Amino acid sequence: KRAFDLASTYDSAFVEYFIHPRGGGRQPQQIEASPVATTVEDATHTQVPTPVTVPDPATGQPVPTGEMQMLDVPQPGPFILRYVRPDGTLTDDRREAAQVWVPRVRADVYPAKAARLFPSNCSSVDDAELVLLGQFVTLGELRQRLQYVRELSADKLRAMIEYRPKHPKDFLPPDVREPRGLDDVARGEDTDDAERIPDSVHVFVLKAYFAPVGEYEDGAYLLIGGDTEVLHRQPLMEVVDGETVHIPPTVAQMKQFDDGTEDPRGRGAAHVLGGGNEVRAALVGNLIESLYKINTAKTFYTPAGLYQPKSASIAELYVPIEQGSAPQKEQVAEPPAVAYQLLELSGAEMDDEIGLSPVAQGENPPSVQSGLHAQTLIEQTIVGLSDVKQNVEGFYLRSWRILLALIDKGVGRQEAY
């Protein structure tokens, strides 16, 4: 829903899926094990002492040598989920289990202004060879997730923190107005020591996803801090049963309208309806101004006459005039009927522009004469919404493929942000 709302304003939104190593919180540790297993070591196999034999030269039959060897023997099934105690033994009592951090799939949503697709003539993220996502995060988040960042020198940390892109506000979280720098939070602290640099400062990170084409035949993911420091890199592939499986960039694009342009972001509802909104805003402004004039119409009176202002609080509505003139009310013209008609027409045109006819909104207009007529209107509405429908379906299909890969295969940035 958030991605669709952002796409309405920024033409597209991009959802990045990843595995957060602690996203599931602390939960009782569980593993698949045989019902008869007692420890983690013999959960699926147990070691059984077996005599070592050699073939008899004369008969070819195995002859024990007197030595023993340990062989792995599968435990009886079926395997079930069992809890692990802190000492590594197994139990079926949840209360006795050790508490461990559990990974979970998370998602970050980016407006189109914080993303770039290459080459420039690609149609969407599906055929992009490179996807760039920019974001401000706190240094504390990077330290928590990346050992490399925890080991950086103070000079490299300061250089990474001080870098700012050309339009920094495009990459800030919704609840942050300005990126926090060292001058904002250090407050005289000695930043020559890396450990004393506060966790609350903001760092600009660029996430680069290379599709498995061209020079990156296995794909690649890079996390860059500032403008020079490569914090993490890994191929977008894994080996399953001896076969290399390429993983697409774990980014899905929510796009609304394809209007025939070469812009891979498409067009959002705000872009399509922008002109109509300006017309409606001007009409509503004029109507409000007319109503204000009617409600604040002036009364003209003679100071020496019997008709006087009722109270000082509304004295500005009463205007003294020449002695001997009759009191009268200012004549203010009512808004013309055509203004209301134009307001209604502009609303109907905007609804039609994005495919939201009265029938699509669940209304039953008087012009509909039969069920067949209503069905025809519904089919026409579906045609008008085909762009949005196809793009939303494409977003969900790509998201499901990514989620299946992350959950089933465990592919993801386990240690990288």
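Reader: Is Asp 5 buried, partly exposed or exposed, and what is its relative accessibility?

Author: Asp 5 counts as partly exposed because its relative accessibility is 40%. With a 1.4 Å probe and protein chains only, buried means under 20% relative accessible area, exposed means over 50%, and partly exposed lies in between. The model is predicted: local features need pLDDT of at least 70 and side-chain atom pairs count only at pLDDT 80 or more, while totals for chains, interfaces and linings use all residues. Residues are numbered from 1 along each chain as its sequence is written, and side-chain values use heavy atoms, with hydrogens and water left out.

Reader: With which residue does Asp 5 form a salt bridge?

Author: In general, side chains of opposite charge can pair when their charged atoms come close. The term salt bridge requires a side-chain nitrogen of Lys or Arg within 4 Å of a carboxyl oxygen of Asp or Glu. Here the partner of Asp 5 is Lys 1, with 3.2 Å between the closest N and O atoms. Lys 1 is classed as exposed because its relative accessibility is 78%.

Reader: How many salt bridges does this rule give?

Author: The count is 16. Among them is the pair Asp 258 and Lys 255, at 3.0 Å from N to O. Lys 255 is buried, at 6% relative accessible area, whereas Asp 258 is partly exposed, at 38%. Another joins Asp 263 to Arg 265, whose closest N and O atoms lie 3.0 Å apart. Asp 263 is partly exposed at 22%, and Arg 265 is partly exposed at 34%.

Reader: In what order do the strands of the open sheet stand?

Author: Strands of a sheet pair through backbone hydrogen bonds, either parallel or antiparallel. Strands are DSSP runs of E with at least two residues, numbered from the N terminus, and two of them pair if DSSP finds at least two bridges between them. In this model the order is S3-S6-S7, with antiparallel pairing. The edge strands, each pairing on one side only, are S3 (30-33) and S7 (90-91). Strand S6 (residues 80-84) is joined to S7 by 2 bridges, and Val 84 faces Leu 90 of S7.

Reader: Which residues form the nonpolar patch on the surface?

Author: The patch consists of Val 48, Leu 71 and Val 73, which together have about 200 Å² of accessible area. Leu 71 belongs to strand S5 (residues 62-74) and is partly exposed at 38% relative accessibility. Patch residues have over 30% relative accessible area and no salt bridge; like charges are joined within 9 Å, and nonpolar side chains (Val, Leu, Ile, Met, Phe, Trp, Tyr) within 5 Å. Accessible areas come from the Shrake-Rupley method with a 1.4 Å probe, and for residues only the protein chains shown count as cover.

Terms used
Helices (H or I, at least four residues) and strands (E, at least two) are DSSP runs, numbered from the N terminus.
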